[in-house]
Amino acid sequence: MPRGYALDPAPTYARLRRERPVTQVALPSGQKAWLVTSYAHVRALVTDPRISSDHTHPNLPMLAPLRPEDIDTPHEPVNTLVGLDPPEHSAPRRSVIAEFTVRRIQEMRPRIQEIVDGCVDELIAAGPGSDLVSTVAVSVPSQVLSELLGVNPPDREFFHVRASKMLGRTTSPQERRTAMMELAIFINGLLIEKDREPTDDLLGRLIVNNRETKVFTHQGLLHMAYLLLVAGNETTANMISLGTTGLLENPHVLAELKADPSLIGRTVEELLRYFTISDVLVRVAKEDIEIEGATIRANDGVLLCLGSANRDETIFEDPDKLDIHRGTRHHMAFGYGIHQCLGQNLARAELEIVFTTLFARLPNLRLAKPLAELPFKFDSNTYGLHELPVQW
Ligand code: HEM
């Protein structure tokens, strides 16, 4: 469903919320699925045990049409954490949750600050007119993740180049597949190394704990590490570029933040709600569900539209306004229920540090092109920007 104003979700969502908050839609793949747009119904279904996240289910909604290259090289869907239902979901989630507590992330802040400083140095060195996506938005999460996972410093460049390739607009499908394969092989090597000589980092600790808990096979560890990389990379990169754009397009909000930097926590929270970059969650019904006069049948695909729920006027007053004084944390930009984002504290820390540093060091930062000319990721379920040329 096309967006109108680039910083708002599709206007059709508002009409559906009012008229048919649970409705059937046709997907580009040819499948049919139920689209759920109101906050109350999304929240009810995302925690409903009759709704499954099973990524191997044949009726799981596909958001993009199949491309010829997908058909040429069919692959078995891999099920890890985000695609597991209880009880299988619980043990792997428990195994990694301690790595993402508020305290752990607090300890990482000084290092995240150094990484952000280095990226902003790079942007400044590239000069006015250069691209904030490649210098800052993509670099920060990729460097943070390589430290978190415990990639050795000499290998970080290799890791970063592949992680960026996976997101690049000019990367061909073949190049993207090669980058993904190279990263999987690299992470596999890292796991073998850390199994031989455990290190004090996320993967090192996971391997040591797993010797007792035996939650993961070697393959399972590989998928978990890979999931963390994929889940934490593009999401955070997109929020950095969109958040910067959102602040530059709302100068009164930016002025308030500059005058009182302690507002950064609320600002990040509101930017997360406002952009809700994970537009929909994909699910499948396990049983028949009666809801809002509709019957979702067992095995029907379900799309839980976070992008719409977070602009629901019955929950958020004046929902299309970027208002950093809401002081609410009940938005669902990180999902809700058992799969709620594991990395949310890390994402918040990265965003807070990036926006604070960026606007302190470049107080005259502005867009180098009008909003209408910026290349937004209109065709992606994870909304973002391919490029963000800036001046100062
Ligand atoms: C799950 C959004 C950053 C790791 C999720 C989900 C959402 C989300 C909406 C729920 C998926 C579902 O229910 O199907 C975001 C956003 C981020 C972000 C908006 C940045 C602004 C991160 C980071 C990491 C991470 C930095 C880790 C390094 C995960 C993992 C899951 C997840 C592992 C699956 C959890 C589970 O299934 O139990 N994220 N995420 N995310 N996220 Fe994030």
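These legends describe close-up views of a predicted model.

Figure 1. Strand β1 covers residues 22-26 and strand β2 covers residues 32-36. The two strands pair in the antiparallel sense, over five bridges. Glutamine 24 has tryptophan 34, in β2, as its bridge partner. Five residues lie between the strands of the hairpin. In this hairpin, glycine 30 takes a positive phi near 95 degrees.

**Figure 2. The open sheet of five strands.** The order of the strands is β1-β2-β7-β4-β3, and the pairing is mixed. At the edges are β1 and β3 (51-52), each of which pairs on one side only. The partner of β2 in the parallel sense is strand β7, residues 301-305, and this pair has four bridges. Tryptophan 34 stands opposite valine 302 in β7. Tryptophan 34 is also the bridge partner of glutamine 24.

**Figure 3. The residues around the ligand.** The shell around the ligand has 23 residues, and those that come nearest are Gly232, Gly335, His339, Cys341 and Gly343. The largest share comes from α11, with seven residues. By type, the shell holds 14 nonpolar residues, eight polar residues and one charged residue.

**Figure 4. Helix α5 and its kink.** Helix α5 runs over residues 102-126, which is 25 residues. From the first C-alpha to the last, α5 reaches 34 Å, close to the 36 Å expected at 1.5 Å a residue. A kink of about 45 degrees lies at arginine 109, shortly before proline 110. Just after α5, glycine 127 takes a positive phi of about 90 degrees.

**Figure 5. The buried residues of α5.** Which residues of α5 are buried? They are Ile105, Ile112, Ile115, Val116, Cys119, Val120 and Leu123. An α-helix has 3.6 residues a turn, so residues three or four places apart point the same way. The buried residues of α5 pack against α6 (132-137), α7 (139-149) and α15.

**Figure 6. Isoleucine 185 in helix α9.** Helix α9 covers residues 173-196 and contains isoleucine 185. Is isoleucine 185 buried or exposed? Isoleucine 185 counts as exposed because it has 11 C-beta neighbours inside 10 Å, and the limit for an exposed residue is 12 or fewer. Isoleucine 185 and leucine 222 are 37 residues apart in sequence, and their C-alpha atoms are 9.3 Å apart in space.

**Figure 7. The loop between α3 and α4.** Helix α3 covers 68-72 and helix α4 covers 90-97; proline 87 lies in the loop between them. Proline 86 and proline 87 are joined by a cis peptide bond, with omega about 5 degrees. Leucine 81 is found in the loop between α3 and α4. Leucine 81 has a positive phi of about 30 degrees, although it is not a glycine. Most residues other than glycine have a negative phi, and most peptide bonds are trans. Leucine 81 counts as buried because it has 21 C-beta neighbours inside 10 Å.

**Figure 8. Threonine 276 in the loop between α13 and β4.** Threonine 276 is found in the loop that lies between α13 (264-275) and β4 (280-285). Threonine 276 is not a glycine, but its phi is positive, about 30 degrees. Threonine 276 is buried, because 22 other C-beta atoms lie within 10 Å.

Notes: Residues numbered from 1 in each chain as written. Predicted model: local features only at pLDDT ≥ 70, side-chain atom pairs only at ≥ 80, totals over all residues. Pairing = 2+ DSSP bridges. Near = placed C-beta within 6 Å. Nonpolar A, V, L, I, M, F, W, Y, C, P; charged D, E, K, R; others polar. Expected span 1.5 Å × (residues − 1). Bend = angle between axes of the 7 residues up to and from the residue. Buried ≥ 20, exposed ≤ 12 C-beta atoms within 10 Å, placed from the backbone. Contact = placed C-beta atoms within 7 Å.
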